[in-house]
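Please look over the chain below before reading on. The text after it goes from the whole fold to single residues.

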Amino acid sequence: MKAFVLCPDGRPAVLDRPVPRPRPGEVLVRTTAALVCAWDGHLPAAPGVPAGLGHEAVGVVRAVGPGVSRAYLGRRVAAEGQGRLAEYFRIPAGGGAGPVPLPDTITDHQALYAAGALATGFAAAEEAGVRAGASVVVFGQGAVGLSATVAAGRLRGARVIAVEPEPKRQLLALRFGADVVVDPAYEDAAERVRELTGGAGADRAILATAAPGAAAAARAGTAAGHRVTRARCRAAGSGGLGRMLGLIGDGLLDPTVMTTHAFPFTRVEEAFRRLSAREPGMVKPLIHFP
């Protein structure tokens, strides 16, 4: 099978690897679709061992290990964890890291976001302690920042100020519930946030970007005594995945508008390179598997 990995020298590459055999308590999933995440490029690799890339994937269970019910076979599932940008991957059949069956009302494309960006953005809003009526500034409007924006604004009732220089992401921020968008390329973000909050500064700040100056601006634009929360990759677990799939299925959220590009798996290296270079207009690339 083909797998997209980060080599020990830091170079991303597609390598040939044997199809893994499911061990006791595991299932083997054939990947049908996945998303590319630029954060994967910063993964630490064990010395001399390539690190599997990708943590947002859906697929179909093709084999089960000893002790696993054959009822899993043929199920369409979403799954978290690294190494998902591969034609096959194996995961535990149960527990918090197990596969989550997808209802027919949820497309593969929709489910991909529940298995990654949404979980991270929602967790950041929860960790920040966002409350209804509070002012929240979200720095960065990539997939994680947009997810934090929708969680803070639409789901928690906060007033959201989005800070983002890229025009496509600015428009998506408004679509995802931001009340105001600040462009740090043309104005001092911290100063503008303080102006929008009557001089007090935002009640909370969420940092979903590594852009130079963003962390300092987040601290300067936040009210005294309040905190800045840095968004970090989080696993939602099967319960969290189920909750987000429910929001999507109920029509409360359509994350697929974050997908700006689509590639076959044969072009995954190109997709990763262009996303890592912050190509204008690119937010999230979708990868189709044969």
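Predicted model: local features only at pLDDT ≥ 70, side-chain atom pairs only at ≥ 80, totals over all residues.

Residues are numbered from 1 along each chain as its sequence is written, and side-chain values use heavy atoms, with hydrogens and water left out.

Along the principal axes, the C-alpha atoms occupy a box of roughly 60 × 40 × 30 Å. The radius of gyration is 19 Å, which agrees with the value near 19 Å that a compact globule of 290 residues would have. That radius is taken over C-alpha atoms, and the globule rule is 2.2 Å times the number of residues to the power 0.38.

Of the 290 residues, 53% are buried. Here buried means under 20% relative accessible area, exposed means over 50%, and partly exposed is in between, with a 1.4 Å probe and protein chains only. The accessible surface of the chain is about 12400 Å², and carbon and sulfur atoms hold 53% of that surface. Such areas come from the Shrake-Rupley method with a 1.4 Å probe; for residues, only the protein chains shown count as cover. Contact means heavy atoms within 4.5 Å. Among contacts with a separation of 6 or more, 68% are between residues 24 or more positions apart.

The next topic is charge. There are 33 positive and 25 negative side chains, and the centres of the two sets are 6 Å apart. Lys and Arg count as positive and Asp and Glu as negative, while His and the chain ends are not counted. Each charge is placed at NZ of Lys, CZ of Arg, CG of Asp or CD of Glu.

The structure has 12 salt bridges, a salt bridge being a side-chain nitrogen of Lys or Arg within 4 Å of a carboxyl oxygen of Asp or Glu. One of them joins Glu26 and Arg90, at 3.9 Å from N to O. This pair links distant parts of the chain, with Glu26 in strand E3 (residues 26–35) and Arg90 in strand E7 (residues 88–92), 64 residues apart. Glu26 counts as buried because its relative accessibility is 10%, whereas Arg90, at 31%, is partly exposed.

A second salt bridge pairs Glu195 with Arg192, whose closest N and O atoms are 2.7 Å apart. Both residues belong to helix H5 (residues 189–196), and because they are three residues apart, about one helical turn separates them. Glu195 is exposed, with a relative accessible area of 55%, while Arg192 is partly exposed at 23%.

Glu279 and Arg274 form a further salt bridge, with 2.7 Å between the closest N and O atoms. Salt bridges with shared partners join Arg267, Glu270, Arg274 and Glu279 into one network. Glu279 is partly exposed, its relative accessible area being 24%.

Which residues of helix H8 are buried? In H8 (residues 268–276), they are Val268, Glu270, Ala271, Phe272 and Leu275. Their cover includes strands E1 (2–6), E2 (12–16), E14 (259–264) and E15 (284–288). Arg278 comes after H8 and lies in the loop between H8 and E15. Most residues other than glycine have a negative phi. Arg278 has a positive phi near 55° although Arg278 is not a glycine. With 45% relative accessibility, Arg278 counts as partly exposed.

Thr260 is found in strand E14, and its relative accessibility of 24% makes it partly exposed. Leaving aside neighbours within four places in sequence, Thr260 is in contact with Lys168, Gly281, Met282, Val283 and Lys284. Between Thr260 and Val27 there are 31 Å in space, C-alpha to C-alpha, and the two are 233 residues apart in sequence.

Is Gln110 buried or exposed? Gln110 counts as buried, because its relative accessibility is 15%. Not counting residues up to four places away in sequence, Gln110 touches Thr105, Ile248, Asp254, Pro255 and Thr256.

Note on methods. Helix = DSSP H or I, 4+ residues; strand = E, 2+ residues; numbered from the N terminus.
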